[in-house]
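I opened my notebook to look up how the pieces of this protein pack against each other. Here is what I went through.

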Amino acid sequence: MKKWLPYGALILSMLIWSVSGIAIKSALVTFSNLTLLVARFTLAIAVLLTIGLSCRSSATLGLQKLDKKDIPLFLLAGLFQPCLYYLFETYTYDALSSPTIAEALLSTNPILAPVFAWLLLRERVTIYNIVGILVSTIGMAMLVLIGSTSFELGNAWGILTAFLSVSTAVLYSVVLRRIPAQYNSMTIVFYVQLCSLFLFYPMWGIREGFHWPLSADLTIWTTQVWQSVGCTVYLALFSTVAAFVLFCYAVRQIGVTRGNVFNNIRPLFTALFMFLAFGEHLPLGKWLGMALIILGLFLSQRKSKNISV
């Protein structure tokens with residue numbers, strides 16, 4: 001039973017992240033990109049600190065003291081993701097003419113994961129891993145692109161930032177594997193996100209002068225403002241705390257290559273959510289894409305004793 005826990009954690013984290021885009025869109029009606037990032041990560045740090053100090057005697061949830069020699073790893077992880085990843089991701093959606101193309105490009109980290117994992121960690125990559133990643137990625141592309149009416153790539157810098165965004169996400173996973181096993185997931189996510197927040201605040205100050213757009217008088221807040229605030233709270237509690245802790249735990253258990261391939265199910269969950277909640281039509285090709293994603297996931301998790309890269 002215990003061996004399935006990392007897979008359950010990955011599926012749940014991807015489910016949370018798959019609906020985060022809807023929450024981000026609603027929150028950005030009221031907040032700028034940087035203000036939203038600062039708000040959600042400040043709240044997330046407060047929640048993680050509260051849980052960590054309240055459960056300090058717990059080996060799973062308690063915050064642990066960092067060894068000085070490990071601090072550079074936490075700083076590096078915080079730089080890669082959330083900091084650089086979210087900045088590059090935001091520019092990608094802004095620069096590319098088609099959100100569909102942006103989503104497809106930003107979902108390609110399973111392709112880069114085995115390359116980085118082998119080069120930097122010498123992590124074993126099997127034929128099953130490679131075939132599973134290819135099958136799952138083809139399914140993801142079918143799910144995202146079938147039915148889309150816009151395929152114009154747009155700004156070349158947007159393509160570059162999409163590649164950089166994916167690269168930083170994979171490098172974040174690599175650094176997670178480098179962090180010593182003595183630290184629990186709660187401790188890792190807390191300090192990594194704290195490092196990112198120290199980077200976000202100066203950028204927010206330079207770009208927006210630390211301007212907070214909401215009035216202290218709650219009685220004048222509109223319905224849209226309350227919706228944006230509610231979405232920001234969701235992003236902080238679920239997308240930034242719960243999903244990151246779950247993903248951190250899973251990747252440290254099963255590895256960078258096998259863990260990152262689960263990113264392909266994010267578009268699957270998004271499509272199913274839109275189908276169930278809003279009745280969005282899903283043509284046969286999209287259902288076939290979903291089937292390929294699931295098939296690819298099963299293939300990528302198989303272990304080969306005889307063939308490896």
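Before anything else, a term I kept needing: two residues are in contact when they have heavy atoms within 4.5 Å of each other. I also reminded myself that this is a predicted model.

**Entry 1: I16**

I started with I16, which I found in helix α1, residues 5-18. Buried or exposed, I wondered about I16? Its relative accessible area is 10%, and buried means under 20%, so I16 counts as buried. Then I listed what I16 touches, skipping its neighbours within four places in sequence: Y234, F238, S239, A242 and A243. I also checked I16 against D217, which is 201 residues away along the chain, and their C-alpha atoms are separated by 32 Å.

**Entry 2: the cores**

Next I looked for the largest nonpolar core and got one of 68 residues. Which residues have the most contacts inside this core? I noted down M14, Y172, I188 and F262. Helix α10, residues 223-254, gives the most to this core, with 9 residues. Another core lies apart from it; this one has 10 residues, and A23, F31, W221 and C231 are among them.

Not counting residues up to four places away in sequence, F262 touches Y7, L10, I11, M14, L297 and Q301.

**Entry 3: α4 against α8**

I then took helix α4 (residues 71-95) and asked how it lies against α8. Their axes come within 8 Å and cross at roughly 155°. Angles over 145 degrees count as roughly antiparallel, so that is what I call α4 and α8. I wrote down the crossing of α4 past α8 as left-handed.

On the α4 side I saw residues including L73, F80, L84 and F88, and on the α8 side residues including W157, L164, Y172 and V175. Sorted by class, the contact of α4 with α8 holds 16 nonpolar, 6 polar and 2 charged residues.

**Entry 4: α9 against α10**

I noted a right-handed crossing of α9 past α10.

Which residues of α9 meet α10? I found S185, I188, V189 and Q193, and they meet T240, F244, V245, C248, Y249 and R252. By class, I got 6 nonpolar, 3 polar and 1 charged in the contact of α9 with α10.

**Entry 5: Y183 in a loop**

I moved on to Y183, which is found in the loop between α8 (156-178) and α9. Leaving aside neighbours within four places in sequence, I found Y183 in contact with Q64, K65, L66, D67, D70, F74, I188 and R252. I took one of these, D67, and looked up the spacing: D67 and Y183 are 116 residues apart along the chain, with 10.0 Å between their C-alpha atoms.

**Entry 6: α6**

Last, I went along helix α6, residues 109-121, and marked the buried residues: N109, P110, L112, A113, P114, F116 and A117. Just after α6 I came to R122, where I noted a positive phi of about 55°.

Conventions:
Residues are numbered from 1 along each chain as its sequence is written. This is a predicted model: local features need pLDDT of at least 70, side-chain atom pairs count only at pLDDT 80 or more; totals for chains, interfaces and linings use all residues. Side-chain values use heavy atoms; hydrogens and water are left out. A nonpolar core is a set of buried Ala, Val, Leu, Ile, Met, Phe, Trp, Tyr and Cys residues joined through side-chain atoms within 4.5 Å. Buried means under 20% relative accessible area, exposed over 50%, partly exposed in between (1.4 Å probe, protein chains only). Helices (H or I, at least four residues) and strands (E, at least two) are DSSP runs, numbered from the N terminus. A crossing is left-handed if the near helix is turned anticlockwise from the far one by less than a right angle, and right-handed if clockwise. Ala, Val, Leu, Ile, Met, Phe, Trp, Tyr, Cys and Pro count as nonpolar, Asp, Glu, Lys and Arg as charged, and the others, Gly among them, as polar. Axes are lines fitted to C-alpha atoms, for helices over the stretch in contact, and angles run from 0 to 180 degrees between N-to-C directions. Angles under 35 degrees count as roughly parallel, over 145 as roughly antiparallel, 65 to 115 as roughly perpendicular and the rest as oblique.
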